[in-house]
Each structure stands twice: as structure tokens, then as C-alpha cells.
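Visitor: Hi! I'm new to this one, could you walk me through it?
Guide: Happy to. Let's bring it up first.

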Amino acid sequence: MVARKVRDSLPLLLSNQWKAATTNSEETGSECGDDESYDSMEVEESDKVPEMYLPLKKSMLKSFKLMDKELKLHPMIDCFCSGSTAVTLIKMGEDLIIGNVGDSRAVLATRDEDNYLHAVQLTVDLKPDLPREAARIHQCKGRVFALQDEPEVARVWLPNNDSPGLAMARAFGDFCLKDFGLISVPDLYYRRLTSKDEFIILASDGVWDVLSNIEAVDIVASAPGRSTAARALIDCAVRAWRLKYPTSKNDDCAVVCLFLDHPHAENGTENKDVMATNESNETLEAKMTAKSQSKRSLAECISSTEEEEWSALEGITRVNSLLSIPRFLAGDRRSASWRKWL
């Protein structure tokens, strides 16, 4: 439910903030913890985004903050210990600006000098055991450690309670941890595209937990068509979960594939369209078709041919928190549920 709300609302918030930024400069709010985080992020990321896109960067920071606030005030969504990641991409001509919250990931498929596809990771998975993430969480009295039966999965815990055990350092929602180091400030990235770049994969951690970057690129490149690429990748991820973790529930698997059509050099028109996505199950269609040379066939990626119901956002899931996620509660019952975790 939180992911759906973010998917539907964040692009509109970003568009509105961007329009406002082009007409006048607005100061951000003054909520203590969030503002400090946003200010530090401004300093840290200012050298990564060209100056011409600084208004867009500020708009993205502000829209992520407003998205989190909107979730907190929503009367029908209890996200005290439920949340969502988001990887958001904006394409301006051949320039990419990417904002990432959580452990979803953006991967670029590009060709080398031998015309083979290679995978380039565009974002960093914001896990709790990253040094800068762990330092912030510890400074805010939160705790970071892994359980004995899953030593490879670092989680965020309350100061005096072994819950909720969130497996990421940044997220929308999950307000039970927002006073203890969890933030919704995005990491921002910039990249200039070249003619060798073919497509971009935006996917949640359920895909990357079981497939490598190059495996995901090969699967998308081997799909029969662009409209089936995202589904092919999710099908492969689901089957990989069943093989690698047969006793575990599958994690969230959501994918967007953006195929790149580079204009000819003589065409001087600039693409002003904004493409923003976050854990959506839609495939972004391009206008032209292009063959992708891959070392793997789709048959090698998908080992089973059985027909299955498929839904990227509401299907199989394994929660990233060890708590039971609160569901819909009405009126006073909802507000009371927030307090019982304090």
C-alpha cells in the first residue's frame, strides 16, 4: 500500500516542485532532523550534478521530503512500521539524474569496444552496514546488527527493543525508526548517456538479491520484445528465489525497463520529458526497436514454462522488516497503534 502511494504521488510532487523551482526559489521547512540531513546531502552531492540541474536536484530533495510527510499524515495508510524504497530517474535529453532511497537499484546496459553488453551500476544500495549510514544511525541512538541465522543481512533496530529489524538505512514511511537514524533523503546521481548505452533497469532488492547486474541485463536483452522485458526479469527472479531460498518467502520484485533511443547528431531537438519511477510494474516503451546482442538466451534465463499469475507490486513478497506490518485501522484505533511501539 505504501509503495503504491509512492508510485502514484512522487512523480506529481516532483513535477510540481520542479515547476515551482523554475519560477522562484523556495526555502525548505524547518523540521530538525530532516533539515540537517537534507542540508548535509546538499553539500555532499553538489559536485555530482551539473550546475544547470541544481534547481532540479533541489526539487527532487524537496519532493522526497514532502512524499514522506504526506505518508505520515495520510488517514488511511498506517506506515508506522511499514514503508517503501524508491529509485527515481529523470531523463533530460542525454542527461540522467537519479534519486535513490533504500536498496532498490538502477543498472545501465552499455556496449564495450567489442560490442558486448556490460552492466554499470548507477546507484548504491543504501544498506544499514554502509559506514556513513551506520554512523548516522548510531549517532541517533539506533542500532545496526545482523541476526545469527542471517549474518549477511544487517538491520536497523530501536535503541531498547529488538524490533523492527529494517534491512535498509533509508525509506519512505517506517516512522518508528525516523527518530533513530532512518531518513528518506535520496542519494543523487548524475550520468551523461552515450550512443553505446542501450537500456536502464530500475528494480527493487528482491531482484538484486538473487540476480547479478549482468544476469539482469542479459535477461532483459534476451526478451522477445520491450513490452515483455520487465516481466521476463521478474519471472527469472521469482524462480531464482525458489531455487536459492526454497524455505523463504520471495522478496518484493518490481521492475521498470527504460530503453534508450539516441537521436541522430543532426537532430538538435532536446527531449524535455521527465520520466520518474518508483517500484512500478510498468515497462517504459520506446518508439523505435533495436536488436541487443546478448551472451544468454531467454530460454537459459527462464528454466520453467509454466503459466503463472503475475503482478510485480502486489504479488509474492517477503517483508524487509521482522515486525508484522500493520494493516488498515480506522480512526482512534490507528493512532493508538502508533503509540504501542514507543
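**Aromatic pairs and cores**

Guide: The structure holds five aromatic pairs, meaning rings of Phe, Tyr and Trp (its six-membered ring) with centres within 6.5 Å; planes under 30 degrees apart count as stacked, over 60 as edge-to-face and the rest as tilted. This is a predicted model, where local features need pLDDT of at least 70, side-chain atom pairs count only at pLDDT 80 or more, and totals for chains, interfaces and linings use all residues. Residues are numbered from 1 along each chain as its sequence is written, and side-chain values use heavy atoms, leaving out hydrogens and water.

Visitor: How is the pair of phenylalanine 199 and phenylalanine 259 arranged?
Guide: That pair is tilted, at 5.6 Å centre to centre with 50° between the planes. Phenylalanine 199 lies in strand S11 and phenylalanine 259 in strand S12, so the pair ties together parts 60 residues apart in sequence. Strands here are DSSP E runs of at least two residues, numbered from the N terminus, and helices are H or I runs of at least four.

Visitor: Are those two buried or exposed?
Guide: Phenylalanine 199 and phenylalanine 259 are both buried. Buried means under 20% relative accessible area, exposed over 50%, and partly exposed in between (1.4 Å probe, protein chains only).

Visitor: New topic: how many residues does the largest nonpolar core have?
Guide: It has 40, and Val6, Leu71 and Phe172 have the most contacts inside it. Such a core is a set of buried Ala, Val, Leu, Ile, Met, Phe, Trp, Tyr and Cys residues joined through side-chain atoms within 4.5 Å. Apart from it lies another core of 30 residues, including Ala109 and Val238.

Visitor: And how many helices and strands are there?
Guide: Nine helices and 12 strands.
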